[in-house]
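Visitor: I'd like to go through the charged pairs here. Can you walk me through them?

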Amino acid sequence: MKIDQTLVNAAIALLEQRFPGTEGIAAAMYTDDRDILTSVFFEPEWGSGMLCAETGAICEAEKLGKRIVASVCVSRQTGDSPIVILTPCGICQERLFHWGEEVEVAVPAMGDATKWEVKTLKEVQPYYWVNAFKK
């Protein structure tokens, strides 16, 4: 399953719907049966219980017994800032590795974070620690 503009648009649509005219982060993921799961970041007013935007979709996939094959995360810092692509943080990379090193993720294009490129988790994190235990 390839990341495509449909998946990017799903993340952007959720960002616009949930965070109209303000900062926010949203994610969209393809499952192996081509369903799209979406979610947003959670940052409570008090405490340190923030959850990445990908977390909700990852949990939804696990709940439904579905396999994630592609993920994109988008962000906007202010209401009039451009929407940019975010590479999954290290924790989300670890979570996505649950479905294997061939899961595709969107990363910002060099020199223009409003555009995206596709990389596998293996390409994003070639020295993933689990590989040390593979025979």
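**Charged pairs**

Guide: This model is predicted. Start with Lys66, which is buried, with a relative accessible area of 18%.

Visitor: Why does Lys66 count as buried?

Guide: Because its relative accessible area is 18%, and buried means under 20%.

Visitor: Which side chain does Lys66 meet in a salt bridge?

Guide: Asp35. The N to O distance is 2.4 Å. Lys66 lies in the loop between helix H2 (54-64) and S3, and Asp35 in the loop between strand S1 (24-31) and strand S2 (36-40), so the pair ties together parts 31 residues apart in sequence.

Visitor: New topic. What does Arg76 pair with?

Guide: Glu16, in a salt bridge of 3.2 Å, N to O. Glu16 is in helix H1 (residues 5-18), while Arg76 is in strand S3 (residues 68-76).

Guide: Arg76 counts as buried, at 5% relative accessibility. Glu16 counts as partly exposed, at 37%.

Visitor: What about Asp112?

Guide: Asp112 forms a salt bridge with Lys115. Their closest N and O atoms are 3.7 Å apart. Asp112 counts as partly exposed, at 27% relative accessibility.

Visitor: How many salt bridges are there?

Guide: The count comes to eight.

Technical notes. Residues numbered from 1 in each chain as written. Predicted model: local features only at pLDDT ≥ 70, side-chain atom pairs only at ≥ 80, totals over all residues. Heavy atoms only, no water. Salt bridge = Lys/Arg side-chain N within 4 Å of Asp/Glu carboxyl O. Helix = DSSP H or I, 4+ residues; strand = E, 2+ residues; numbered from the N terminus. Buried < 20%, exposed > 50% of the residue type's maximum accessible area, 1.4 Å probe, protein only.
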